[in-house]
Amino acid sequence: MEISVSGAAVTGAKTGTLVIGAFADGSLTSAADAVDRAAGGTLSAALARGDLDGKAGATLLFPSLAGVGADRVLLVSLGARTALGDRSFRDAVSGAGRALAAGPVADAAVALVEVDVPNRGLAWRVQTSARLLADAAYKFDAPRANPPAPRGARKLSLLVGGANSELDEAVRTGLAVAEGMALTKDLGNLGGNVCNPAYMADTAVAMGKELGFEVEILERADMEALGMQSALSVGRASYSPCKFIVMKYSKGGASKPIVLVGKGMTFDTGGVSLKPGANLDEMKYDMCGGGTVLGLFRTVARLGLPINLVGLVMAVENMPGGNASRPGDVVRSMAGITIEILNTDAEGRLVLCDALTYAERFEPACVIDIATLTGACVIALGAHASGLFANDEALAAELLAAGHATGDRAWQMPLWDDYQGQLKSNFADMSNLGGPPAGAVTAALFLSHFTRKYKWAHLDIAGTSSVSGDAKGATGRPVPLLSEFLLSRAAAAAS
Ligand code: BES
Ligand code: MN
Ligand code: ZN
């Protein structure tokens, strides 16, 4: 996808499709008003007839309009004028993006960034539009024998009053975030037979070569030498050996690194505590935390952000088998804490704890782990917010703000000691099972035992990283949230 900003006038723009906005009350944006005047009131007449649904993101296509340079005009609803905000702006841009991605036209001009979203500047509108338009064009056709011919707009211009370099930068940023999301989605959407631990490791190595950052793959023997028995216990019964992916991006001079830790469970059968069969295919998405870390490295390296970033991905497959962990087994983590495995399906925390201990050696500015950790988080927050847990309130606040800025939101949950009793074991320092109440909290609390030495946040993305049903697929979340976080850290470091 190619996106640029242009200062062209709406009515004059020579383009396949011109995109303009209208409100639910039938009023037009100033760009749409200019088009309407040139076209003799065709748009306002259609709106008066009720041809455009008032819901933000609904679209209405006009084949061609007299007095307008574009071949077609796509009118998109911005929802109620009084409710105009981040959400309706994003819905409108995404709606336009979907229509453009499905249509036959190769190039389009989008005149929506002129809309005055309360409390959001032009750069935000441009960056958000670039990300959403590029993301709407994401397709996953790789495994098909006869992939459909490429369709949809590939070349977009965003019509703004007059071009300036800050806006070019905003476009570049939005595109890089969408590119990171596309990698995260691809890795998630691939079946577990293809996207296994070795595939994730190979992807990281290839990307490091392409974009110029360091990647090291720790094999089982290396992990054994480090004492990562907890992580290794999860992958024991798989024919695909565990890979611990260590990525280092270093453009931040002497500053302390931000460390990202991803759960890369390339398939989670539950192990001996086997999961039921319904929707089990969706456990291919259990590597989306690791996929997010890879996606973020793509975004950050593409942009050349002036930060130091370490990425740690535990790529493991959780299988039953003769060699598998049993409930009741006790393993010793790298930190020395012993763990009674009461349920082999609570495996995410078993791999993350060792990666979190490994993170200490980088003397991090902060550590953020990203994991499809608990079904309980899906029950608590559904598909709209990732669960956020942190041992540092300032870090939590930064992440919540990044979520708001992108619409890729998180919601903070407690890490209170009160829940600690649920992790008691009669046979080891801790059990890996907290019981049904507050399952997302006890999972996070388990991790907190391994993060005492640094500022830490945990994002439970079980509900946000993929969607079920007809539109089944990976979402690329929380790449937008964390990109925004890293962008603000980079901006703070530069100032
Ligand atoms: N990968 C799952 C969590 C999950 C569930 C992600 C649904 C996405 C959708 C995780 O490994 C798991 O199985 N968690 C168990 C923990 C329980 C045994 C304490 C769960 O949530 O049921
Ligand atoms: Mn599990
Ligand atoms: Zn899992």
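What follows is a chat about a predicted model, its metal site, sheets and cysteines.

Colleague: Before we start, what should I know about the model and its numbering?

Modeller: This is a predicted model, where local features need pLDDT of at least 70, side-chain atom pairs count only at pLDDT 80 or more, and totals for chains, interfaces and linings use all residues. Residues are numbered from 1 along each chain as its sequence is written, chains are lettered from A and ligands numbered from 1 in the order in which they are written, and side-chain values use heavy atoms, with hydrogens and water left out.

Colleague: What about the manganese ion (ligand 2), what coordinates that?

Modeller: Asp 268 (OD), Asp 345 (O), Asp 345 (OD) and Glu 347 (OE) do, at 2.1 to 2.2 Å. The 6 donor atoms around the manganese ion subtend angles of 70 to 167°, which makes the arrangement irregular.

Colleague: How far apart are the two ions, the manganese ion and the zinc ion?

Modeller: They are 3.1 Å apart, and Asp 268 coordinates both. Asp 268 lies in strand S9 (residues 258-268), while Asp 345 is in the loop between strand S12 (338-340) and helix H10 (348-359), so the pair ties together parts that are 77 residues apart in sequence. Helices (H or I, at least four residues) and strands (E, at least two) are DSSP runs, numbered from the N terminus.

Colleague: Is Asp 268 buried or exposed?

Modeller: Asp 268 is buried, with a relative accessible area of 3%. Buried means under 20% relative accessible area, exposed over 50%, and partly exposed in between (1.4 Å probe, protein chains only). Asp 345 counts as partly exposed, at 22%.

Colleague: Switching topic: what order do the 6 strands of the open sheet come in?

Modeller: The order is S1-S6-S5-S2-S4-S3, and the pairing is mixed. Strand S1 (2-6) and strand S3 (59-62) are the edge strands, pairing on one side only. Two strands pair if DSSP finds at least two bridges between them.

Colleague: How do S2 and strand S5 pair?

Modeller: In the parallel sense, over 3 bridges, with S5 covering residues 107-110. Val 19 stands opposite Val 110 in S5.

Colleague: Which helix lies across S2 and strand S4?

Modeller: Helix H1 (residues 30-38) does, running at about 115° to S2. Axes are lines fitted to C-alpha atoms, for helices over the stretch in contact, and angles run from 0 to 180 degrees between N-to-C directions. Helix H3 (residues 86-102) packs on the sheet too, touching S2, S3, S4, S5 and strand S6 (155-159).

Colleague: Zooming in, what does Thr 17 touch?

Modeller: Thr 17 lies in strand S2 (residues 17-22) and is buried, at 4% relative accessibility. Not counting residues up to four places away in sequence, Thr 17 touches Arg 72, Leu 74, Leu 100, Val 105, Asp 107, Ala 108 and Ala 109, where contact means heavy atoms within 4.5 Å.

Colleague: Last one: how many disulfides does a search of the whole structure find?

Modeller: It finds 0; a disulfide is a pair of cysteine sulfur atoms within 2.5 Å. For Cys 353, the nearest cysteine sulfur is that of Cys 242, 13 Å away. Cys 353 is buried, with a relative accessible area of 0%.

Colleague: And where is the nearest cysteine sulfur to Cys 366?

Modeller: That belongs to Cys 377, 20 Å away. Cys 366 is buried, at 1% relative accessibility.

Methods. Donors are N, O and S atoms within 2.8 Å of the metal (3.2 Å for Na, K and Ca); water is not among the atoms, so sites may look incomplete. Four donors count as tetrahedral if all angles lie between 85 and 135 degrees; four count as square planar and six as octahedral if opposite donors are over 155 degrees apart and all others between 65 and 115; anything else is irregular.
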